[in-house]
Amino acid sequence: MSDALVLGGGGVGGIAWITGVLTGLADGGRDVTGAGLLVGTSAGSAVAAQLGSGLGLSELYARQVDPALQAAEIPAVMDLEKFAAEIGAATSAAASVPELRRAVGRVALAARTVPEAARRAVIESRLPSHGWPERALRIVAVDAESGEPRVFDRDSGVPLVDAVAASCAVPGVWPPVTIDGRGYVDGGVRSATNADYARGADRVLVIAPMGATEPFPSDQPLERVVEELRAQGAEVVVVTPDEASRAAMGDNPLDPATRRPAAEAGREQGRGLDLPWGGAGA
């Protein structure tokens with residue numbers, strides 16, 4: 001029986017919430033972090049990489065709620081309505097999803113942001129280990145010019161920090177990440193979860209800070225992918241924020257101040273989840 005853990009995007013608040021949910025599940029005897037396959041997008045890529053670092057959930061949770069242990073984040077002010085309007089204007093003429101992704105990439109490449117090196121330092125501080133884990137880990141980003149997705153893993157020849165930085169490069173907010181001479185942006189440009197990359201697993205747990213919402217029009221929306229996975233015989237469970245968790249993450253998921261409340265709300269939610277599987281080493 002093969003298990004996949006799919007972790008979606010949602011900013012620093014999403015990182016904290018996912019970590020809280022996983023910790024709460026473990027509190028209730030449902031430790032799912034031993035899944036054979038991890039698929040990470042944006043915030044989820046950071047958590048997936050952290051799970052392969054050798055630190056336990058209690059330590060990873062502490063890194064979200066203890067100010068002395070928190071990563072050195074760069075505060076970002078994000079007006080979601082304005083962001084959506086700007087992206088909508090830039091992509092209004094796109095006739096297809098790949099064309100739309102290329103339009104988003106152009107926005108990202110033209111945006112004035114913090115230097116790429118400064119953003120990379122943030123990702124370095126998020127990850128307890130900078131080496132790829134031995135287990136299967138897939139991190140999704142999008143080529144800013146071609147609009148094509150790229151899945152990074154330990155065989156890709158790309159450093160883990162760069163892969164996570166690329167997957168977390170929110171267009172217009174953070175700089176595209178240069179890998180092999182090309183710029184890459186947030187994997188959420190393709191899908192907030194990219195759950196289709198878990199195909200082949202018998203059991204799939206999707207933890208989605210943004211719910212079923214796609215930040216950009218997607219040809220792999222979560223609800224459809226879940227239906228397809230189930231039709232292929234997989235048992236699929238999707239966890240989305242409850243009301244308390246949504247309130248804790250607030251309107252700006254990029255605000256570092258959301259970390260502690262989001263982690264605490266996620267842990268409480270995780271404790272109350274009744275999964276059909278999970279356990280020590282599961």
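## Threonine 258

Threonine 258 counts as buried, at 8% relative accessibility (buried is under 20% relative accessible area, exposed over 50%, partly exposed in between, with a 1.4 Å probe and protein chains only). This is a predicted model, in which local features need pLDDT of at least 70, side-chain atom pairs count only at pLDDT 80 or more, and totals for chains, interfaces and linings use all residues. Residues are numbered from 1 along each chain as its sequence is written, and side-chain values use heavy atoms, with hydrogens and water left out.

Threonine 258 sits in the loop between helix H9 (243-249) and H10. Helices (H or I, at least four residues) are DSSP runs, numbered from the N terminus. Not counting residues up to four places away in sequence, threonine 258 touches Val12, Gly13, Ala248, Met249, Asn252 and Pro253 (contact means heavy atoms within 4.5 Å).

## Helices H1 and H10

Helix H1 (residues 11-27) packs against helix H10 (residues 259-271) at an angle of about 30°, and their axes are 6 Å apart. Axes are lines fitted to C-alpha atoms, for helices over the stretch in contact, and angles run from 0 to 180 degrees between N-to-C directions. H1 and H10 are therefore roughly parallel to each other (angles under 35 degrees count as roughly parallel, over 145 as roughly antiparallel, 65 to 115 as roughly perpendicular and the rest as oblique).

## Glycine 14

Glycine 14 lies in helix H1 and is buried, with a relative accessible area of 0%. Leaving aside neighbours within four places in sequence, glycine 14 is in contact with Ala43, Pro209 and Met249.

How values were computed
Helices (H or I, at least four residues) and strands (E, at least two) are DSSP runs, numbered from the N terminus.
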